[in-house]
Amino acid sequence: MCGEDEPIFHPNTGTEIASGEEIRLSPSQQAGYDAPRFCQLCGRRMKVQIRPDGWHAECSRHGLVDSEWIFEAQLRRKLGAG
């Protein structure tokens with residue numbers, strides 16, 4: 001799910017991004033602390049498990065995404081760019 005597909009739906013609200021509708025987020029969602037609740041590819045509600053060290057979320061159609069994978073990808077991007 002963290003592949004090369006462009007996100008279509010907002011991960012916290014399930015709202016279609018291209019709809020132009022204003023997306024209102026809580027402070028924790030704005031800061032990136034809240035786990036995604038909706039699949040960014042299909043908009044379906046995901047099964048989310050919160051752990052002490054992060055979270056993982058699973059879409060029945062598109063599979064699993066883990067907060068650790070996102071952290072590692074961001075770290076690689078920063079190290080590669082610096």
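Here are some notes on this predicted model, point by point.

1. Ground rules. This is a predicted model, so local features need pLDDT of at least 70 and side-chain atom pairs count only at pLDDT 80 or more, while totals for chains, interfaces and linings use all residues. Numbering starts from 1 along each chain as its sequence is written, and side-chain values use heavy atoms, with hydrogens and water left out.

2. Overall layout. The protein chain has two helices and three strands, in the order α-β-β-β-α along the sequence. Helices (H or I, at least four residues) and strands (E, at least two) are DSSP runs, numbered from the N terminus. The C-alpha trace spans about 35 × 25 × 25 Å along its principal axes.

3. Burial and surface. Of the 82 residues, 24% are buried; that means under 20% relative accessible area, with exposed over 50% and partly exposed in between (1.4 Å probe, protein chains only). The chain exposes about 6000 Å², and carbon and sulfur atoms supply 49% of that. Areas come from the Shrake-Rupley method with a 1.4 Å probe; for residues, only the protein chains shown count as cover.

4. The R51 bridge. There are four salt bridges in the structure, each a side-chain nitrogen of Lys or Arg within 4 Å of a carboxyl oxygen of Asp or Glu. One of them joins R51 and D66 at 3.0 Å, N to O. R51 sits in strand β1 and D66 in strand β3 (residues 63–66), so this pair ties together parts 15 residues apart in sequence. Bridges with shared partners join R51, D53 and D66 into one network. R51 counts as partly exposed at 22% relative accessibility, whereas D66 counts as buried at 11%.

5. E58 and K47 form a salt bridge, with their closest N and O atoms 3.5 Å apart. Because E58 lies in strand β2 (residues 54–59) and K47 in strand β1 (residues 47–51), the pair ties together parts that are 11 residues apart in sequence. K47 is exposed, at 58% relative accessible area; E58 is partly exposed, at 35%.

6. T15. This residue lies in the segment before α1 (27–31) and counts as buried, at 17% relative accessibility. Leaving out residues up to four places away in sequence, T15 touches I8, F9, H10, E21 and I23 (contact: heavy atoms within 4.5 Å).

7. A contrast on helix α2. L79 belongs to helix α2 (residues 67–81) and counts as exposed, at 65% relative accessibility.
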